[in-house]
Amino acid sequence: MWNIGDITIPNRVTLAPMAGVSNWAFRLTVKEFGAGLITAEMVSDKGILNRNKKTMSMLYIDEQEMPMSLQIFGGDKDSLVQAAQYVDQNTNASIIDINMGCPAPKITKIDAGSRWLLDPDKIYHMVKAVVENVEKPVTVKMRTGWDEDHIYAVENAKAIEAAGGSAIGLHGRTRKQMYEGYANWDIIKEVKQAVTIPIIGNGDIDSPEIAKKRLDETGVDAVMVGRAALGNPWIIYQIVKYLETGVLIHDPSPREKIEVCRLHMDRLITLKGEKVAIMEMRKHAAWYLKDIKGNGKARKQINQAETREELVNILFEFVREVEADMKAS
């Protein structure tokens with residue numbers, strides 16, 4: 001166990017916030033596989049202040065998700081503080097996280113997300129203003145730098161700590177890298193050694209062995225799993241158990257994968273209604289099938305599915321075919 005402010009985190013495996021993915025249906029499904037901390041997808045400060053219907057629906061948190069973090073983004077100090085105050089006073093989030101990592105041009109052009117990485121002084125003043133106006137612990141999710149010529153990870157981390165930030169989630173890529181290339185864990189280690197607040201290392205954590213190696217090499221307080229959990233919440237459980245016991249848990253069977261996919265889908269339908277949920281579930285269902293041999297035909301069919309019944313039939317017909325092939329061989 002470790003702490004972010006006064007919030008106790010039960011283990012060293014956390015789930016990254018992913019735009020367009022980390023809604024309640026996905027988060028709760030991953031939480032049930034043992035994630036110590038989960039973070040919601042980023043929410044616009046202006047969307048909160050304007051009470052935008054879609055934005056407000058993104059603030060929904062289930063008590064079963066606790067402890068959990070709600071992430072906000074913005075480039076203007078006043079609106080960021082007001083949004084943080086709303087989250088502080090009107091949601092049951094355990095932690096308020098500020099996004100300084102999103103590389104998308106539509107975010108950086110409004111002076112938000114990874115644009116902050118170029119200005120440690122701005123980081124200090126923005127984080128300090130939020131910390132002074134809320135009760136919940138404030139954390140930051142950031143990248144190592146803007147590009148290879150502008151890596152201010154240590155300076156930025158020190159600014160966050162000095163401003164009263166309670167922890168930092170650090171993605172080992174620059175903004176320029178987006179999601180390409182490799183995460184630089186040497187920089188993550190430098191940051192961990194430079195500050196006393198908890199550091200959560202993020203980037204290329206795709207196996208229990210890699211998770212343990214990164215924790216041991218860098219001394220970070222926890223690891224953050226992102227894309228490796230898409231269609232594969234089992235990786236969270238596998239990492240947690242490996243860190244606790246040294247035992248590698250076997251991968252799920254195709255049928256186990258499809259059963260969890262169906263659970264995820266039904267939660268998404270509850271959250272967004274069948275029509276919208278099935279459109280969103282197409283990508284998730286494909287992710288659940290990604291490591292199952294011979295999934296090409298099923299993945300094409302998934303992209304045509306429009307109802308829950310259609311999607312369920314495609315998934316379970318595929319599983320029956322896979323199981324028949326396994327028996328035959």
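**A strand between two crossovers**

Modeller: Strand 10, helix 9 (residues 208-218) and strand 11 form a right-handed β-α-β unit (clockwise from the first strand over the helix to the second, with the strands pointing away from the viewer). Helices (H or I, at least four residues) and strands (E, at least two) are DSSP runs, numbered from the N terminus. This is a predicted model: local features need pLDDT of at least 70, side-chain atom pairs pLDDT 80 or more, while totals for chains, interfaces and linings use all residues. Numbering starts from 1 along each chain as its sequence is written, and side-chain values use heavy atoms, without hydrogens or water.

Strand 10 pairs with strand 11 (residues 222-225) in the parallel sense, over 3 bridges (pairing takes at least two DSSP bridges). Asn202 stands opposite Met224 of strand 11. Strand 10 is also joined to strand 9 (residues 167-174), by 4 bridges, and these two run parallel. There, Gly201 is the bridge partner of Leu170. From strand 9 the chain passes through helix 8 (residues 185-194) to reach strand 10, in a right-handed β-α-β crossover.

Now the side chains. In a regular strand they alternate between the two faces of the sheet. In strand 10 (residues 199-202), Ile199 and Gly201 point one way, and Ile200 and Asn202 the other. All four are buried (under 20% relative accessible area, 1.4 Å probe, protein chains only).

Elsewhere, helix 6 (residues 120-132) has 13 residues. Its buried residues are Lys122, Ile123, Met126, Val127, Ala129 and Val130. Seen down the axis of helix 6, they fall within an arc of 155 degrees, so they line one face. Among the elements that cover them are helix 4 (77-90), strand 7 (95-100), strand 8 (138-145) and helix 7 (153-162).

Helix 4 buries Ser79, Leu80, Val81, Ala83, Ala84, Tyr86, Val87 and Asp88. Their cover includes helix 2 (45-49), helix 3 (53-57), strand 6 (68-73), strand 7 and helix 6. At the start of helix 4, a side-chain oxygen of Asp76 comes to within 3.3 Å of the backbone nitrogen of Asp78.

Gln71 lies in strand 6. Gln71 is buried, with a relative accessible area of 1%. The side chains of Gln71 and Asp97 make a polar contact at 2.7 Å. Beyond four places in sequence, Gln71 touches residues including Pro17, Thr39, Met42, Ile98, Asn99 and Lys141 (heavy atoms within 4.5 Å).

Notes: The expected span of a helix is 1.5 Å times one less than its number of residues. Buried means under 20% relative accessible area, exposed over 50%, partly exposed in between (1.4 Å probe, protein chains only). The arc is that of the directions from the helix axis to the C-beta atoms. A polar contact is a pair of N or O atoms within 3.5 Å; within protein, one must be able to donate a hydrogen and the other to accept it, and residues adjacent in sequence count only if both atoms are side-chain atoms.
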